[in-house]
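Trainee: Could you take me through how one reads the contact between two chains, and then the layout of each chain on its own?

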Amino acid sequence: MLSILRGFLILTAFLMLGDITVELFALPLSSGVAGMLLLTLWLLLRRRLSHDLGAASQPLIGMLALLIMPGVVGIFFQADEFSGQWLTIFIALILGTLLSSLTTLWLMQRLVASPRERPHE
Amino acid sequence: MSELLLRLESLAHTLPQRPETAIVLTLAAYFAGLRLFNWLRSPAWCPPILLAACLLAGLLALLPLGYTEYHRGVSWLTWLLGPATVALGVPLYQQVHHIRTLWKPIVLTLPPAAILAAGYAVGIAWLLDAPPTVLASLAPKSVTAPIAMGIVEELRGSVPLLMGALLITGVMATLSITLLARWGNIHDPRVIGFALGVNGHAIGTVRAFDIGPTAGAFASLGMSLTGVFTALWLPMMWYFVG
């Protein structure tokens with residue numbers, strides 16, 4: 001339990017660091033994302049993951065769906081705002097996702113396959 | 001007796017203002033949503049969070065509690081989204097070794113793939129004359145929700161619309177990648193997994209773990225990298241263009 005709290009302290013401190021970085025350099029980033037990048041960088045430099053950090057991050061990541069839920073609910077109360085836009089939104093999402101899935105698969109497949117073919121040339 | 005009634009009346013005014021009311025409703029709807037999901041035998045097209053959100057919306061509509069009041073109260077809980085987003089750095093760090101084994105295809109695929117994941121949808125919506133709020137809400141549609149919420153606030157889009165977009169994108173990416181891989185005769189779990197993570201964020205990653213651990217690892221790598229990369233380029237780009 002204390003281990004989770006210690007890990008939580010580290011995470012929240014990195015969130016604060018993210019706040020400071022975003023404010024100081026006027027970055028168009030959310031402080032959570034800035035904190036995440038700083039934490040990753042710090043872990044890469046240290047090359048070691050402490051038990052505390054693992055103990056705190058695992059339950060928090062597991063809670064993400066719950067934390068996002070209040071935002072999802074808003075769509076039911078703000079749907080009027082986008083009336084008349086729904087067809088556009090659906091077409092953009094469905095067609096856009098189909099095209100981008102196709103592009104990623106094609107690109108990645110070509111790039112992964114090419115080094116293996118080279119010895120046969 | 002009349003005094004008790006008076007107190008009851010004042011309670012009806014204060015209770016909706018209390019954070020615990022919003023938090024109890026949210027947690028109750030969450031667990032009810034999970035139950036319903038299991039009872040429906042885990043349908044892939046309808047993640048438990050959508051069921052829970054529908055239940056919560058129903059509760060809010062029935063109770064004398066406005067969405068604004070609810071939103072203010074629940075912010076005591078949703079503040080945790082900040083440290084939870086920071087926590088995503090831990091799995092990102094743990095997956096870094098996958099980049100070492102296949103760094104060239106990953107480094108070359110990620111930027112165009114992540115840019116197009118946003119670009120196609122925004123381009124199509126723009127051609128169809130969508131207003132700026134809609135464009136801003138659709139742009140981070142392939143990014144994992146906690147990061148996407150941060151991005152959409154930077155772009156001044158609508159968080160609820162983004163949530164809907166994330167859901168449709170996740171389901172659509174899972175469906176189209178499964179079918180396209182079958183038609184295109186692509187069997188490499190690294191390729192399929194990476195594509196699922198880049199385009200279908202958490203929903204795609206769940207599907208990738210169904211395929212196998214390698215696909216799952218590459219999906220979470222693709223999801224994390226897309227989130228980080230998009231959080232960096234999209235807001236900058238938005239300021240230059242808009």
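This is a predicted model: local features need pLDDT of at least 70, side-chain atom pairs count only at pLDDT 80 or more; totals for chains, interfaces and linings use all residues.

Trainee: How many residues of chain A are in contact with chain B, and how much area do the two chains bury between them?

Mentor: One begins with extent, and here 68 residues of chain A are in contact with 87 residues of chain B, while the two chains bury about 7,000 Å² between them, with 84% of that area on carbon and sulfur atoms.

Trainee: Which polar links and salt bridges are counted between chain A and chain B?

Mentor: The count of salt bridges between chain A and chain B is zero, whereas seven residue pairs, both members at pLDDT 80 or more, are in polar contact.

Trainee: Which helix of chain A gives the largest share of the side that touches chain B?

Mentor: Helices 1 (2-25), 2 (31-46), 3 (51-62), 4 (64-77) and 5 (86-117) of chain A each supply at least two residues to that side, and the largest share, 25 residues, comes from helix 5 of chain A. By class, the side of chain A that touches chain B holds 46 nonpolar, 19 polar and three charged residues.

Trainee: Where does UniProt place the transmembrane regions of chain A?

Mentor: An unreviewed UniProt entry lists residues 28-45, 57-79 and 85-108 of chain A under that heading. Residues 57-79 of chain A are 87% helix and 0% strand, with end C-alpha atoms 34 Å apart; residues 85-108 of chain A are 96% helix and 0% strand, and their end C-alpha atoms lie 34 Å apart.

Trainee: How is chain B divided into domains?

Mentor: Chain B is divided into domain 1 (2-79) and domain 2 (86-241), and 30 Å separate the centres of these two domains, taken over C-alpha atoms.

Note on methods
Residues are numbered from 1 along each chain as its sequence is written. Chains are lettered from A and ligands numbered from 1 in the order in which they are written. Side-chain values use heavy atoms; hydrogens and water are left out. Domain bounds come from an automatic or database domain assignment. Contact means heavy atoms within 4.5 Å. Buried area is the accessible area (1.4 Å probe) that two parts lose on being put together, summed over both. A salt bridge is a side-chain nitrogen of Lys or Arg within 4 Å of a carboxyl oxygen of Asp or Glu. A polar contact is a pair of N or O atoms within 3.5 Å; within protein, one must be able to donate a hydrogen and the other to accept it, and residues adjacent in sequence count only if both atoms are side-chain atoms. Helices (H or I, at least four residues) and strands (E, at least two) are DSSP runs, numbered from the N terminus. Ala, Val, Leu, Ile, Met, Phe, Trp, Tyr, Cys and Pro count as nonpolar, Asp, Glu, Lys and Arg as charged, and the others, Gly among them, as polar. UniProt positions are given in the numbering used here, feature names are shortened, and annotations may be inferred rather than shown by experiment.
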